[in-house]
Amino acid sequence: MEQQQDLQKRLLLALVLSFMVFVVFDMFMPKTAKPIEQNGTLTTTQEQQTPKIVNSSTPNTTKATIQASSAPVTTVKSLTTVKSDRFIYTIDDLGRIAQVTMLEYKYEYEGKKLELLNSEWVKPLEIRFADVNLNKEALQTPYTSSLKTLDLSSGEKTVVLTQKLSTTTVTKKLTFYTDGHYDINIELSTPEQYFITTGQRPDADHTRYMVVQGSLIKKGSGVVEIIEDGDAEGSISIPNAEFAAAFDRYFSSILYNFEKPLSVSTLTVDEENALVFIQGEQSFALHGYIGPKESDILNSIHPKLTDAIEYGWFTFISKPLFKVLEWFHKILSNWGWAIVAVTLLIKLLLFPLSYKGMLSMQKLKDLAPKMTEIKEKYKKDPQKMNAKMMELYKKHGANPMGGCLPMILQIPIFFALYRVLLNAVELQGAEWMLWITDLSLKDPLFILPLLMGATMWYQQKITPNTMTDPMQQKIFQWLPVVMTVFFVTFPAGLVLYWLVNSLFTIAQQFVINNAYQKQKLANIEKIEK
């Protein structure tokens with residue numbers, strides 16, 4: 001029974017400590033310096049490796065094995081530029097998307113337009129051949145282009161890239177659209193085994209938050225396979241996939257085809273990261289997208305592409321939560337107020353359970369002297385002590401486990417919403433009000449974190465404290481200060497959620513405290529009568 005009495009406070013302590021570990025853990029690696037682009041020439045020192053890939057493809061195709069080989073250091077030049085009002089694609093003379101520059105102000109980083117791709121990493125649309133010699137030749141033979149510049153201001157545009165090799169000619173027909181997606185048709189003059197890649201993930205996240213990034217494959221069964229950076233081992237083969245993607249916190253490079261299954265393979269490259277390949281055919285058509293993981297954009301291209309937006313372990317809860325957040329945004333036209341509305345909705349849904357839990361804590365607080373008396377009186381007879389405790393709880397309608405269920409339910413909901421607010425690209429450049437002009441960045445005046453710390457302190461003050469362990473009491477006394485320090489550099493959207501959650505909890509506690517006092521008075525009057 002004594003263990004049951006301590007369970008609630010131990011759960012609360014576990015929640016707080018796990019949260020601290022969850023948000024403080026640093027997964028960021030030093031960024032590789034990007035080479036400077038001069039006169040349309042991109043210089044890369046990456047040694048192009050063509051790995052061994054065994055692809056269990058569809059029954060009508062044979063297994064293809066690409067042996068390991070490498071090409072010498074190459075200098076690639078800008079071949080074609082694709083321009084829209086939102087982005088610029090640079091296609092190099094190896095037929096790859098060498099760079100994507102985001103033109104919208106909200107994506108700017110350190111006063112410059114944001115570039116999504118690391119110049120030293122494998123690029124989207126690179127082709128690797130199974131034949132070692134042909135592959136080496138392909139990595140050194142430039143393409144020619146039918147157009148130098150594509151302007152999408154008047155709608156989609158098409159460019160044809162051609163690479164003439166000794167035994168075959170590769171033709172890539174690319175049609176680009178203003179929303180960031182494109183069609184790709186590949187034709188080979190002779191049958192050759194080859195693969196095309198999404199490229200390594202975008203390298204556009206400059207923050208220090210724990211985020212999921214790596215590779216993602218949507219299987220024909222509907223299951224999403226995620227290979228996080230640093231977790232890749234060997235290679236996997238998925239013969240019936242709908243799409244494959246390489247992603248970071250906000251951006252993704254995707255290749256997809258929802259009309260015909262794709263045969264996808266992965267390869268482990270440097271630092272145990274996964275590189276995704278799709279097996280091609282002599283005449284091969286598929287589609288691609290590279291840009292922000294905005295739900296509206298992906299949904300307008302194809303609803304299934306929204307599965308490219310993931311939140312790690314909590315995706316199954318986070319996705320519905322984001323849908324609710326998105327729905328409130330459409331009504332309120334403000335992501336900040338949408339966060340407030342979602343927080344209030346969650347508190348209202350959990351209120352019946354929270355009410356019972358908080359009421360139970362009030363009763364336990366009042367019963368604390370009697371509980372101490374029973375423990376002291378029967379400390380040599382634990383069995384009798386537990387029996388007397390049960391009688392006491394039953395008589396006064398108290399339940400030492402009453403506050404546990406709301407707490408347990410809030411843990412996955414909190415972490416799921418944490419993931420949503422941390423990964424939603426929609427919050428970039430999104431204003432709330434007054435000085436909060438970007439919910440994805442820290443509060444420039446630190447007002448929200450300070451208010452959050454103050455509300456946490458006040459919440460503790462009015463919440464019944466049933467803790468008897470001095471160490472636990474000290475931890476919770478300092479918790480508002482520690483959390484404020486942690487949250488100082490957190491995105492304003494996350495701090496706003498925590499602040500609003502604390503404010504609603506305070507209001508909820510006042511309601512419950514008032515209800516409990518009225519109940520006590522009613523019981524006293526009943527006894528006196």
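Contact is taken here to mean heavy atoms within 4.5 Å. The structure is a predicted model, in which local features need pLDDT of at least 70 and side-chain atom pairs count only at pLDDT 80 or more, while totals for chains, interfaces and linings use all residues. Residues are numbered from 1 along each chain as its sequence is written, and side-chain values use heavy atoms, with hydrogens and water left out.

The average pLDDT (the predictor's confidence in each residue, from 0 to 100) of the protein chain is 79, and 75% of the residues score at least 70. Where pLDDT is low, the predicted coordinates should not be read in detail.

The protein chain contains 10 helices and 23 strands; helices (H or I, at least four residues) and strands (E, at least two) are DSSP runs, numbered from the N terminus. Of its 529 residues, 51% count as buried, where buried means under 20% relative accessible area, exposed over 50%, and partly exposed in between (1.4 Å probe, protein chains only). Among contacts between residues at least 6 apart in sequence, 67% join residues at least 24 apart.

Nonpolar cores were identified as sets of buried Ala, Val, Leu, Ile, Met, Phe, Trp, Tyr and Cys residues joined through side-chain atoms within 4.5 Å. The largest such core has 61 residues, and Ile 254, Leu 325 and Leu 439 have the most contacts inside it. Beyond its neighbours within four places in sequence, Leu 439 is in contact with Trp 335, Gly 336, Ile 339, Leu 427, Ala 430, Glu 431, Trp 432, Pro 491, Ala 492, Gly 493 and Leu 496. A second, separate core comprises 48 residues, including Phe 129, Leu 150, Phe 176 and Ile 238. In soluble globular proteins, nonpolar side chains tend to be buried together.

Aromatic pairs were examined next. Rings of Phe, Tyr and Trp (its six-membered ring) pair if their centres lie within 6.5 Å; planes under 30 degrees apart count as stacked, over 60 as edge-to-face and the rest as tilted. A search of the whole structure finds 10 aromatic pairs. Phe 87 and Tyr 89 are stacked, at 4.5 Å centre to centre with 20° between the planes. Phe 87 is buried, with a relative accessible area of 2%, and Tyr 89 is likewise buried, at 1%. The pair of Phe 129 and Tyr 194 is tilted, with 6.2 Å between centres and 50° between the planes. Phe 129 lies in strand S10 (residues 127-129) and Tyr 194 in strand S16 (residues 194-197), so this pair ties together parts that are 65 residues apart in sequence. Both Phe 129 and Tyr 194 are buried. One aromatic cluster is formed by Phe 87, Tyr 89, Phe 176 and Tyr 182.

Tyr 89 also belongs to the surroundings of Gln 99, a residue of strand S8 (residues 97-102). Gln 99 counts as buried because its relative accessibility is 5%. Its side chain reaches the backbone nitrogen of Leu 117 at 2.9 Å. Not counting residues up to four places away in sequence, Gln 99 touches Ile 88, Tyr 89, Thr 90, Glu 115, Leu 116, Leu 117 and Ser 119.

In strand S22 (residues 273-279), seven of the seven residues are buried. Asn 273, Leu 275, Phe 277 and Gln 279 lie on one side, and Ala 274, Val 276 and Ile 278 on the other, so that both faces are covered. Strands were counted as paired if DSSP finds at least two bridges between them. S16 and S22 pair in the antiparallel sense over three bridges, and Thr 197 stands opposite Phe 277. Strand S21 (residues 262-269) and S22 pair in the antiparallel sense over six bridges; Leu 275 is the bridge partner of Leu 267.

Most residues other than glycine have a negative phi. In the hairpin of S21 and S22, which has three residues between the strands, Glu 271 takes a positive phi near 60°. Glu 272, in the loop between S21 and S22, has a positive phi of about 55° and is partly exposed, with a relative accessible area of 45%. Ser 333, whose phi is near 60°, is found in the loop between helix H4 (315-332) and helix H5 (335-377). Ser 333 is exposed, with a relative accessible area of 59%.

Terms used: Polar contact = N/O pair within 3.5 Å; in protein donor to acceptor, adjacent residues only side chain to side chain.
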